Amino acid sequence: MPRLALFPDSEHLLDAAARLKGRGIEDFTLISPIPLEEFEDRVGVQTSPVKYFSFFGGLLGALAGFALAAGTSVAYPIPVGGRPIVALPPFLLITYEVTILIGVVMTVIGFFFACRFPKLEELAYAPEANVDQFALVIGDDVDEDVDQDLRDAGASEIRSVEDPP
Amino acid sequence: MSEDSINRVKRRDFLKLVGAGSVGVGAGAVVSQVSRNPTELLIPYPVPPEEYMPGVDTWYNTLCQGCSARCGVSVRVREGRVKKIEGNPSHPVSRGGLCARGQAGVHTLYHPDRLTGPMKRLDGKLTQVSWDLVLSHLAHEFRQVLATERGPGVAIVTGSARGHLHQLMQEFLRTLGSSRLITYRIDAQHNLHAANLRSFGARATPYYDIANTPYLLSFGADFLTGWLSPVHYSQAFGDMRQGDGPRGYFVQVEPRMSLAAANADRWLATRPGSEAWLALAICHQLLEDGVYDGPDRNQWVERVADYSPARAVEPTGLGADQIVQLAHDFAAGPGLAIIGGGALHGTNGLLAATAVNLMNYLVGSFDRPGGVLANSPPLFGPEAAYSESPYAGLREIVEAARQGRLEAVILHDVNPLYSAPPELGLREALESVPLVISMSELLDESSEVARFVLPLDSYLEAWGDDSPESGVGFPTASLAQPVARRIHNTKSAGDFLIELAHRLGDDIEEALPWRDFQDFLKARWDEIYRTRAGSLEGFDAFWTATLQAGVWGERSAALGAPNTVMIPAALDDLGHPDPQFSGRRAEYPYTLHPYLSPVFHDGRWAHLPWLQELPDPISGVVYTNWIEIHPQTAELLGVRTRDVVEISSPAGSIKLPVLVYPAIHPDVVAIPMGQGHHRYGRYASGRGANPIEIIASRIDEDSGDLAWAATRVQLKPTGERIDFVTTSGNPRPLGRQILGPADGGHG
Amino acid sequence: MENPHKSLKAKWEENRRPGYYQEYENHWGMVIDLDRCTGCGACVTACQAENNLPIVGEENFREGREMKWLRIERYWEGEYPDVKLRFIPMLCQHCDQAPCETVCPVYATYHNQDGLNIQTYNRCIGTRSCAVYCPYEVRYFNWETHVWDEPLEQQLNPDVTVREKGVMEKCTFCVQRIRKVKDRARDEDNRPLLDGEVQPACVQSCPTEALTFGDFNDPESAVSKKKHNDRAYKVLEDLNTSPSIVYLSRVEPEDESHG
Amino acid sequence: MAEAGKSLAYHARHEKSWVTATAEQDNPPTFAEVNEDVVRSIVETGPGYWWILGVTVVLTFLCFFVPWFYQLEVGLQASGMNHPVVWGTYLANFIFFIGLSHSGTLLSAVLHITNSSWRKAIYRSAEAMTLFSLMTAAMFVMVHVGRVWFVHWSTPYPNQMGLWPNFRSPLMFDVMAITTYLTASWVFIYMGSIPDFAAVRDRTSGWRKKFFTIWAMGWRGTHREWHHLSQAYTFFAVFVIPLAVSVHSIVSWDFAMSIVPGLHQTIFAPYFVCGAIYSGTAGIVTLMWVLRRAFKNFDRYILPIHFDNLGKLLLVLSLIWTYINICEIFTGWYSGSSGEMEMLKFRMFGFYAPLYWEMIAFCAFLPLLLISKKIRRNLTAMLWISIAINIGMLTERFIIVATSLPRQYLPDAWGFYFPSTVEFLITFGSFGIFLTLFLLFVKFVPSISIYEVKETLPEPRPKGEN
């Protein structure tokens, strides 16, 4: 049976998280109304794939942008104003804009991918944890005596929930 | 020069003519058939002329009627519709060029306000009737006139009839026993013709070889827009400037800068009407300098004795040294002097013109390239232009009408109630005439007094011919042919007169036996063919060839041999060079200088939208006219451009917006003619004012011609403003290297 | 790819070649002799007649919305009595380095195989940028769909499109005439064009022959010869638009020699 | 970045430095109150709102769409434009609204990166402003072109004439830049709102619940989600700042790439960017003032200190703006070219001189008042100053067009331009479009960022500890 512990503030929450980590328990989920800035100091390093999406998105954009501008001009060579068919300065501007466009879009995709959005299945959740409470969820594979640690860490309440963390 | 004037056919244009479509002769064959309005049909011919081919241009050569120059034009016709008019490259007058008026001529055919059928005045209102009714009615009235021996009371006033149409009218009147055929147009150069007649004793306008003259001295002659033959002399101007020879120097003398003056190397603003004085003074100086030493020298010396440059200073407003300098340059040229515009239409116009002839004579500019070339008289056409002044004729008509001696007046393509000074009293006169017939293309001022208004063909629908009055140095004659089908129920003047004659029957019908005007033309041209062009085999070949070329010229013929020695008596009994003016200076401080608008000329084509939309070359104004006054005059009156002033002369008053004009003599105010129509189609009606309305009916006593530059006026600011439109933004180049790298300095 | 040190002109020459078409056949241009031009305005009306320019009416003139592909500009110099009036016909200069072409987002104006600056009406979306970018102000916009009073429309030239509202238009050097002559030359077993065989309406009508039209690519053509006249200059040359219209400045003789 | 972010929140909760202005109040709102206040702003709709919305929509229709359709019918003769002034009010407005859009980017991106946490209460609505002024600007493109029914030809696809657009054209730069900018700011505002959508989801019912459930994408606020969000958000900021700069540079190049005296200015890009941020910031001040009035308790989040800070920013921007203006005039005068001189003469002493000097007064001199803290903290004063600045900026855009084009190289072709009634109406109506969009926005998106505000508040203490 997965359990959800509520904490009054992030101090206690992070404390509890740290204890679990000490016990070698990794797969817990913290739910908080605000970003937990001190998570990395107190619990451990987090990684996110988003930056790769942004980077390669930008790269892709740059290529696509220039290809669009230059490619179409070469495919339909129409001399205007005595400018070269492939005129670098203006095309670099196009490149620049498309870089940003695709970069931004890829970042969103990256974010959604990383968060597995949209989430369709039900997961353990406590609405108050989105207001002023801080919650910690552990799966049913974690044995009962951990709850004591949570209480010691200052959990105001521990309830068991159906949905997985 | 006159030789190559016809050799200089622009080959490229010729290629265009033959290449871009066939040259046609046939549209005339079917113009007679009037069925449904051809503007609704894709192919407006029941029976197309042979050269007609859908999608292919046909070029018809005919004659432009925009002014009395009668340029030969080539008309582009497609699917039976007139698309464009261009100069006929093989015509010696236009030589492929064409002015704005000529270009706009297309719309005389397609003008939305054209009369669509004959009209009769029934209890005060003009109502459409049929030609048949008109003809039978008129036949009836004329028979009565004849029955009561009052034939001499019939008069025809025409504005444009020349060539054989003019002869036909003479014939017609003669059969009625009348000789009252008057050709009236305000821009007639009668004084010039008269002066030439006086000087040479021959009815011929010489050919002024502007193209090759090293020094051109023009007394108010705006030969670029309104003098004798604008297109021809414009071309000559171009050659004078940048032709093969050295660049000719060009001085224009006139109180107001005309288009010609603007293009002159030097513009001298003289007192209005003082051109005669200046010319005489120059002659005086020339003789003094011994430039001329012919046998008749002494006769001339005594004739111009009183007119020394020193004495000319006061009347002309030029310095004596300037006049002497002019004389020297003129002699050094040796120069060519011409005269026109206001200088020709003062009370001393004839004297001025004669004096100008003398100038040319004294420097030996007769029969010399770049001088005054002998010209042959027109092959046919009105000789009246030389002898009798058109204005005198008009006055005679008024006089006759007052005495009730007039039975009928036919106004043909003339609008005297617009183009003659009201002071003449023509309106009252015509109103007293029992039968007034106005033949015009659309309702104009004169049709208001007419009992019958008969719709005329556009010149693009009618037959005609002409022999250029100003001439090109050798005898030529041009044919005008219909280039498109009639689009309304109209007739040409010739056809009308002949049909009327037939209705009148017996001896009149015998006198004018021809089927129609085309028939009459052929008969007349047959004479030309027999007497002059026998070389071609068969008249039909000659006729077709002439129709295709649009012109027949007798280049081989020896030039007509007018007497090109001046008759010393020419200057006698010509009165005094001092100009006379209507209106005392004290009361009317400014001299009115009406001028032919570069765009509208005398206003007969003011109804054409393209001309209304053509910015005036000098002011850039469209759709109206204005009064030009000198900046200091403006200051004096406290008016600015667009402020309306009332211009009053002894003869009347009009209101016009001011255009402060930097290039006009302070004593002079100038108004362009051509606008101010009360009734002349939607594009011209109610635009600006007509200066002729305030011109005093004063004549040059020597020639009897109207002196329209001899009226004084006063100006009263009215406080109103008329926001006329000019296309010019800023009038100064601001040193922006626009007119060339050189203009930076004084630009 | 482009050698930066190469002059714009050189680059232009390079790019005068490829297009839909294989090469520039001609480099049409005009020479206007201001010493011959009298400012009479025949060319203006000729242009209006040839190219179906609308009759816009006085109100549009007042609004500054006239449609004249070719206009005569007039400039006053000096003061009375030594006042001068100068004329200069102003029409599309068909620049080789046309600012109007680069700015058009939809290629409605570009350079065609005749070396002409072409306006393609049916591509135009009416941003009017070309008119802003043109320093000669010879591009005219259709502020409305113009109509002709019956039966004036009978005169309309079937070889020229009638433009609708929202479209930019300008002088085309009478491209329809160029086409016509070229077709004819092709039909006459591909003979080369004769110098002066093509004539825009303005050139044709000019009474003083101030305007000359021809192919600058042909060194023997009249225009190519006149181009070397020492009076030759181009308007606003320093803007580096390299116009195809060469003006010959008016001669101003020293008045000392003459009265 | 996360580092900086951390230290910020750290301060926020422990040291209570100046940035925690929201918390400095005597009784700062609690976490729960924040949720309540914001949710209330969405769910509770008084009659006042409906009135305003109704009037706005009607006015927008009458003043914008009716005149526009009329113009479509009769053609652009409905405008006051002519030759040579073929660009007019429409283009001026286009540029003005693009400028206005730079507010959001500034607050959400620039200030995000520079850790100015006072932005947190207001950046959401600022971003909305960005989005909506961009949309309004886009409308003006439609109004401006002669044949709007073909405007799609300027988008990159091979159209029925087998043509791609001309990427060498400054106008195409615009198309690309503005498309990108629209996308980016939309994404930006959506991403930032996801946690708040979730918050509202939890506190609403009925169709709203469904609506916000969908938009929240199943956000729970787990430590992983928070981490990904902050990462993504940071990258957005990095992308969007140069984008914003490039957008208004490019818009300025529509002018600067021409050779018209008065438009052909090297300095235009920085000039426009600065001007854009300037008017954008002023726009935010106005907006904050309105929000503060419109919603209950918002005065607990939008505080004088926010006005104070923006005031300082405005002061700096006005100085830069003035400097660039002087440069422009000086270079024009120093060139000595007749073209530039005549244009300057016309601009400063011609028909539109009053407008010019009004612009100088509003944008160069008036903001100097902001040097005094009193005024910066005086909300009413700030409101009027900010409005004045935006009037001045609108004028500036107009003057650039209306005084340069009539004075070009060929004096004979000089002209004049005065907007027509239709142009006046459409200009007025366009603000209606903007307002309508914004009124809808506040009902569908939390106009204050719940979680970011919370970050600046002290956490609730467990019972017995305080």
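Where is the place of Asp506(B)?

**Before you click**

You're looking at a predicted model, in which local features need pLDDT of at least 70 and side-chain atom pairs count only at pLDDT 80 or more, while totals for chains, interfaces and linings use all residues. Residues are numbered from 1 along each chain as its sequence is written, chains are lettered from A and ligands numbered from 1 in the order in which they are written, and side-chain values use heavy atoms, with hydrogens and water left out.

**Stop 1: chains B and C**

Select chains B and C. Of the 5 pairs of chains in contact, this pair shares the most contacts (contact means heavy atoms within 4.5 Å). Chain C brings 73 residues to the meeting and chain B brings 94 residues. Between them they bury about 7300 Å², with 54% of that from carbon and sulfur atoms. Buried area here is the accessible area (1.4 Å probe) that two parts lose on being put together, summed over both.

Next, pick Glu79(C) and Arg732(B). They form a salt bridge, and their closest N and O atoms are 3.1 Å apart. The rule asks for a side-chain nitrogen of Lys or Arg within 4 Å of a carboxyl oxygen of Asp or Glu, and it finds 11 salt bridges across this interface. There are also 39 residue pairs in polar contact here, both residues at pLDDT 80 or more. A polar contact is a pair of N or O atoms within 3.5 Å; within protein, one must be able to donate a hydrogen and the other to accept it, and residues adjacent in sequence count only if both atoms are side-chain atoms.

Now colour chain C by its elements. Helices (H or I, at least four residues) and strands (E, at least two) are DSSP runs, numbered from the N terminus. Those that give two or more residues to the side touching chain B include helix H2 (42-50), strand S2 (71-77) and helix H6 (175-187) of chain C. H2(C) gives the largest share of that side, 7 residues. By class, the side of chain C that touches chain B has 31 nonpolar, 19 polar and 23 charged residues. For these classes, Ala, Val, Leu, Ile, Met, Phe, Trp, Tyr, Cys and Pro are nonpolar, Asp, Glu, Lys and Arg are charged, and the others, Gly among them, are polar.

**Stop 2: chains A and D**

No contact joins it to chain B, and the closest C-alpha atoms of the two lie 22 Å apart. Select Arg168(D), Arg220(D) and His223(D), which supply 16% of the area that chain D buries against chain A, more than any other three residues.

How many salt bridges are counted between chain D and chain A? The count is 1. To see a salt bridge, pick Glu225(D) and Lys119(A), whose side chains meet at 3.7 Å, N to O.

**Stop 3: into the core**

Show Leu136(A), Phe219(B) and Phe223(B). These have the most contacts inside the largest nonpolar core, which has 390 residues. Such a core is a set of buried Ala, Val, Leu, Ile, Met, Phe, Trp, Tyr and Cys residues joined through side-chain atoms within 4.5 Å. Buried means under 20% relative accessible area, exposed over 50%, partly exposed in between (1.4 Å probe, protein chains only).

Zoom in on Phe219(B). Leaving aside neighbours within four places in sequence, its contacts include Val253(B), Leu278(B), Ile339(B) and Met359(B).

**Stop 4**

Go to Phe117(A) and Pro118(A), joined by a cis peptide bond with omega about -10°. Pro118(A) sits in the loop between helix H4 (88-115) and strand S3 (134-138) of chain A. Another cis bond runs from Glu150(C) to Pro151(C), with omega near -5°.

Leu734(B) is not a glycine, yet its phi is positive, near 55°. Leu734(B) is partly exposed, at 26% relative accessibility.

Finally, Asp506(B): you'll find this residue in helix H22 (residues 506-511) of chain B. Its phi is also positive, near 25°, and Asp506(B) is exposed, with a relative accessible area of 55%.
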